[in-house]
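Have the sequence and the model open side by side as you read.

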Amino acid sequence: MPTPRPLNTALRYQTPPEWAKVALKDLDAFLLDHASCERKAMAVGMSFVVRYPDRKHLLDPIIMFAREELEHFHQVFRIIQSRGLQLASDYQDEYANTLIATVRIPRDERFLDRLLITSVIEARGHERFKLISEHVEDPELRDFYARLTKAEARHTDLFLEIAAKYFPHEVIQERLDFYLELEAKTIIATPFRSAIH
């Protein structure tokens, strides 16, 4: 049996280093946004478990993903607490909402779209955490974001691996190309600020 071709997963837009300098101008705001993103990622993982309990290849890895995102949230929470900050309420993330607005209605198509959107968002997180790890001055935060960079890379691959259990390569790549293009346009249109997106 031939080895399946790798998916073309490269982000269509590379964030310039200037983004990290802007993001780190208000480190407290960045950390609060990061906590919110980790909390949402954990909820996304559990939403897959709730919506697709019949997808046996999904459950164990996604439960582990949700647990890891919860642990990341806890770690950021401790950093926030140590800085005397108060967790903020979640807010509407226009970046994520733009991608989610394109999710198709039929169950299988919706499943694929949500997997691919999550993978692409994790890929952007991987890229931006790497930039933060390269530019933040605090050595503990530098190490923390370097560790998260590796986790985000695993998460990017995880959702594509799950998709490959249920959909043909060509179907995944066609829809992934759509989301990579849309994500690039969306992130380019998002002004730099002290937030991940």
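Asp-113 sits in helix 5, which covers residues 107-135; helices here are DSSP runs of H or I with at least four residues, strands are runs of E with at least two, and both are numbered from the N terminus. This is a predicted model, so to speak of a local feature takes pLDDT of at least 70 and side-chain atom pairs count only at pLDDT 80 or more, while totals for chains, interfaces and linings use all residues. Residues are numbered from 1 along each chain as its sequence is written, and side-chain values use heavy atoms, with hydrogens and water left out.

**Asp-113**

- Asp-113 is buried, with a relative accessible area of 0% (buried is under 20%, exposed is over 50% and partly exposed is in between, using a 1.4 Å probe and protein chains only).
- Setting aside residues up to four places away in sequence, Asp-113 touches Thr-102, Val-103, Arg-104, Arg-175 and Tyr-179 (contact means heavy atoms within 4.5 Å).
- Ile-188 is 75 residues from Asp-113 along the chain, and their C-alpha atoms are 21 Å apart.

**Salt bridges**

- How many salt bridges are there? The count comes to twelve, taking a salt bridge as a side-chain nitrogen of Lys or Arg within 4 Å of a carboxyl oxygen of Asp or Glu.
- Glu-181 pairs with Arg-12, their closest N and O atoms being 3.1 Å apart. Glu-181 belongs to helix 7 (residues 169-188) and Arg-12 to the segment before helix 1 (18-23), so this pair ties together parts 169 residues apart in sequence.
- Arg-55 forms a salt bridge with Asp-108, at 2.7 Å between the closest N and O atoms. Arg-55 is in the loop between helix 2 (27-51) and helix 3, and Asp-108 is in helix 5, so the link joins parts 53 residues apart in sequence.
- Here Arg-55 counts as buried at 9% relative accessibility, whereas Asp-108 is partly exposed at 40%.
- Arg-124 and Glu-183 also meet in a salt bridge, 2.7 Å from N to O. Arg-124 lies in helix 5 and Glu-183 in helix 7, so parts 59 residues apart in sequence are tied together.
- Arg-124 is buried at 0% relative accessible area, and Glu-183 is buried at 0% too.
- Shared partners link Arg-12, Asp-177 and Glu-181 into one salt-bridge network.

- Glu-152 is part of helix 6 (residues 139-166).
- Glu-152 is buried but has no salt bridge, and the nearest side chain of opposite charge, Arg-154, is 8.2 Å away (Lys and Arg count as positive, Asp and Glu as negative, and His and the chain ends are not counted).
- Beyond its neighbours within four places in sequence, Glu-152 is in contact with Glu-69, Glu-122, Gly-125, His-126 and Phe-129.
- Helix 3 (residues 56-82) packs with helix 6 at an angle of about 160 degrees, their axes 11 Å apart (axes are lines fitted to C-alpha atoms, for helices over the stretch in contact, and angles run from 0 to 180 degrees between N-to-C directions).
- The two helices are therefore roughly antiparallel (over 145 degrees; under 35 is roughly parallel, 65 to 115 roughly perpendicular and the rest oblique).
- Residues making the contact include Phe-65, Glu-69 and His-72 of helix 3, and Leu-148, Glu-152 and His-155 of helix 6.
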